[in-house]
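Visitor: I would like to take a close look at a single part of this model. Please take me through it in one connected account.

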Amino acid sequence: MREQHYFLYKIQPVRPAMLTEGPTADEERIIGEHFRYLQALTEESVVKLAGRTLTTDYSSLGICIFVAEDEAAARALVENDPAVMGRVMRAEVYPYRVALLAEKWGIGE
């Protein structure tokens with residue numbers, strides 16, 4: 001089994017007004033594809049956590065913590081995100097180290 005490393009990617013809307021005025025039909029379709037992409041990666045245990053802030057101004061962002069073999073594989077995962085490919089979101093990728101992790105997080109309980 002190959003060693004897996006953690007990465008974080010941050011995404012932000014290219015058109016921030018999408019959050020306040022609503023998405024266009026194309027944006028809505030692409031965001032749906034983005035969600036299904038991350039959902040499939042979560043089911044494969046690649047994505048460990050994904051979500052977004054509830055802000056609707058310039059500071060709004062989403063994060064995804066995931067595993068990959070190396071930085072090239074991590075960048076490929078991000079570049080294949082439909083929201084990035086469709087230019088609805090811009091993304092940045094960072095190597096990531098988990099320092100603390102609650103044994104039982106309690107979300108959704």
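How many bridges join β2 to β3, and in which sense do the two run?

Guide: In this predicted model, β2 and β3 run antiparallel and are joined by five bridges, with glycine 51 standing opposite isoleucine 63 in β3. β3 also pairs with β1, again in the antiparallel sense, over seven bridges, and in that pairing leucine 8 stands opposite isoleucine 65 of β3. Six of the seven residues of β3 are buried, so that the strand is mostly covered.

The loop between β2 and β3 holds serine 60, which counts as buried because its relative accessibility is 3%, where buried means under 20%. Apart from neighbours within four places in sequence, serine 60 is in contact with Gln12, Pro13, Leu19, Arg52, Thr53 and Thr55.

β3 (62-68) also belongs to what covers the buried residues of α2, a covering that includes β1 (5-13), β2 (47-52), α1 (18-21), α3 (71-79) and α4 (82-85) as well. The buried residues in α2 are Glu27, Ile30, Gly32, His34, Tyr37, Leu38 and Leu41. Just after α2, serine 45 takes a positive phi of about 65°.

Technical notes. Residues are numbered from 1 along each chain as its sequence is written. This is a predicted model: local features need pLDDT of at least 70, side-chain atom pairs count only at pLDDT 80 or more; totals for chains, interfaces and linings use all residues. Side-chain values use heavy atoms; hydrogens and water are left out. Buried means under 20% relative accessible area, exposed over 50%, partly exposed in between (1.4 Å probe, protein chains only). Helices (H or I, at least four residues) and strands (E, at least two) are DSSP runs, numbered from the N terminus. Contact means heavy atoms within 4.5 Å. Two strands pair if DSSP finds at least two bridges between them.
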